[in-house]
Amino acid sequence: TDDGKRLVIGAEDYQAIYDVESGEEKFRLPEKSSGLLRTIRGRQLVQLEDKKTFFDLEKREVAFIMPEPVGELVIELKDGRNLIQGSLDFGKKENHKTFYDLSTGIKAYAFPEYIDPFLYYIEGGKCLGLSLYSSRNTCYDMETGKVAFCLPQKVSGFPILVRKQALIWGEDGQTFYDLNAKGKEAFNLPEPCLPFYHYMSKNISSERDKRKFFLSRDRRTLYD
């Protein structure tokens, strides 16, 4: 907190707030907490168990109530906003699609399709979100909620950082695209490799020059 005191949420019931230095109970939340603590523009907010209500620890009052339960994914944007992803309940129609401003609890925007919980920060501090189910080749600008670019094919959900490139590989297992170059094709391996399977050399001193290797599907050839 601003006065230098450190607080902790009680681990057994996620309701009592304790002073770490003295061990004394400071106060109790109006209801059980989800255990998630967010510091947003200097405010310490606790998410209550309904996953809609955010409680201000300093003012000891409810800060705001979201229109729906929200998940754990928080994005820090260049303009200082912190957005949180909507409900992760797969039974809800808007699951993964809506993002709310954590300063106000107001909806920032909603996407036309589900967004992968894995986000990509690229050069210039920009943040991209990838479509999750249908196309899986559309990248969205998380600052605006609009399409940034479309890749030529479906891609895996894991980016690979190689020097100044943020590479993501296609469903064919051998084509790589650079997210820093608006999805431009970077290169092709001679043959498809195993999905989500790469080695990284550990005996190189420079972090920038660490080499990454992909294993062919017959498990006989490594590609740099």
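## Aromatic pairs

Ten aromatic pairs are counted in this predicted model, where rings of Phe, Tyr and Trp (its six-membered ring) pair if their centres lie within 6.5 Å. Planes under 30 degrees apart count as stacked, over 60 as edge-to-face and the rest as tilted. Phenylalanine 27 and phenylalanine 55 have ring centres 6.5 Å apart and planes at 40 degrees, so this pair is tilted. The pair links distant parts of the chain, with phenylalanine 27 in strand S3 (residues 25-28) and phenylalanine 55 in strand S6 (residues 53-56), 28 residues apart. Both phenylalanine 27 and phenylalanine 55 are buried, and buried means under 20% relative accessible area, exposed over 50%, partly exposed in between (1.4 Å probe, protein chains only).

Tyrosine 109 and phenylalanine 111 make an edge-to-face pair, 5.1 Å centre to centre with 70 degrees between the planes. These two residues, tyrosine 109 and phenylalanine 111, are buried as well. Ring pairs also link Phe99, Tyr109, Phe111 and Tyr140 into a cluster.

## How to read the model

Residues are numbered from 1 along each chain as its sequence is written, and side-chain values use heavy atoms, with hydrogens and water left out. Because the model is predicted, local features need pLDDT of at least 70 and side-chain atom pairs count only at pLDDT 80 or more, while totals for chains, interfaces and linings use all residues.

## The whole protein

The protein has zero helices and 22 strands. Helices (H or I, at least four residues) and strands (E, at least two) are DSSP runs, numbered from the N terminus. Of its 224 residues, 44% count as buried.

## An open sheet

Four strands form an open sheet in the order S12-S13-S14-S15, with antiparallel pairing; two strands pair if DSSP finds at least two bridges between them. Strand S12 (115-121) and strand S15 (146-150) stand at the edges with a single partner strand each, so one side of each has no neighbour in the sheet.

Strand S14 (residues 138-141) is joined to S15 by four bridges, and the two run antiparallel. Here, aspartate 141 has lysine 146 in S15 as its bridge partner.

## Nonpolar cores

The largest nonpolar core has twelve residues, among them Tyr120, Leu130, Phe149, Val155 and Ile168. Such a core is a set of buried Ala, Val, Leu, Ile, Met, Phe, Trp, Tyr and Cys residues joined through side-chain atoms within 4.5 Å. Strand S13 (127-131) and strand S17 (165-169) each supply at least two residues of this core. A second, separate core of eleven residues includes Ile75, Phe99, Leu119 and Tyr140.

## Two lysines to find

Is lysine 97 buried or exposed? Lysine 97 is buried, with a relative accessible area of 14%, and is found in the loop between strand S9 (82-86) and strand S10 (98-101). Leaving aside neighbours within four places in sequence, lysine 97 is in contact (heavy atoms within 4.5 Å) with Tyr109, Ala110, Phe111, Pro112, Glu113 and Tyr114. Lysine 97 lies over the face of tyrosine 114, at 4.8 Å from the ring centre; a charge sits over a ring if NZ of Lys or CZ of Arg is within 6 Å of the ring centre and within 35 degrees of the ring normal.

Lysine 126 is in the loop between S12 and S13. Lysine 126 is partly exposed, with a relative accessible area of 42%. Not counting residues up to four places away in sequence, lysine 126 touches Lys78, Tyr120 and Tyr121.
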